[in-house]
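Open your viewer and get ready to select a few residues at a time.

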Amino acid sequence: MKRIGVTGHRSIPDEVLGHVEEGLRAVLAGHRGPLEAFSSLADGADQLFAGIALEHGADLTVVIPSGDYEGTFEDPDALARYRRLRRRAAQEVRMAFARSTDEAYYAAGTYIADRCDRLVAVWDGLPARGHGGTGEIVAYARALGKPVTVIWREGVTRD
């Protein structure tokens, strides 16, 4: 079974959203046979990836960073999407953190990078804004020798 994981920004500007969706669809459609998709289901890239992966028949493994993770969702629509996607998951892995901290996010991101055959990064190429951010997880995966597919539009920066 092929395993693809995701890391990416929670905030995706409107001018790059369509490009990101197309890129995710292309990556996931390019695989034949059984597929396992890994996502932490954060708002933005993680939820987009998980939804598209399910459309392509992938088994979804959700990686929950902490016990209070649901409480970190500020947008009620994002929380509702998180819950819907989580219910559709084939497997759930919970990191051993009570609270959502940078360390918990780092643990979830490295868990995904460790277990996937390819990491998809919805990333503007800038350094991570905190420990466990997209740029740091990309660097970690590359240090492991994992192929990383970056999806973004040049010249666009996130908020």
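The second largest pocket holds about 180 Å³ of space. (A pocket is an open set of points on a 1 Å grid over the protein atoms alone, where a 1.4 Å probe fits, with protein on both sides within 12 Å along at least five of seven lines; lining residues have an atom within 4 Å of a point. Points are joined across faces, edges and corners, and the volume is the space filled by probe spheres set on them.) Select Arg10, Asp43, Thr72, Phe73, Glu74, Asp75 and Ala78 to see its lining. By class, that lining has 2 nonpolar, 1 polar and 4 charged residues. (Ala, Val, Leu, Ile, Met, Phe, Trp, Tyr, Cys and Pro count as nonpolar, Asp, Glu, Lys and Arg as charged, and the others, Gly among them, as polar.)

This is a predicted model, where local features need pLDDT of at least 70 and side-chain atom pairs 80 or more, while totals for chains, interfaces and linings use all residues. Residues are numbered from 1 along each chain as its sequence is written, and side-chain values use heavy atoms, without hydrogens or water.

Next, go to the largest pocket, with a volume of about 530 Å³. Of its 30 lining residues, Gly8, Arg10, Gly132, Gly133 and Thr134 are the closest to its centre. Now colour α4, which gives the largest share of this lining, 5 residues. (Helices, H or I with at least four residues, and strands, E with at least two, are DSSP runs numbered from the N terminus.)

Finally, select strands β3 (59–64) and β4 (91–94), which pair in the parallel sense over 4 bridges. (Pairing needs at least two DSSP bridges.) Thr61 has Gln91 in β4 as its bridge partner.
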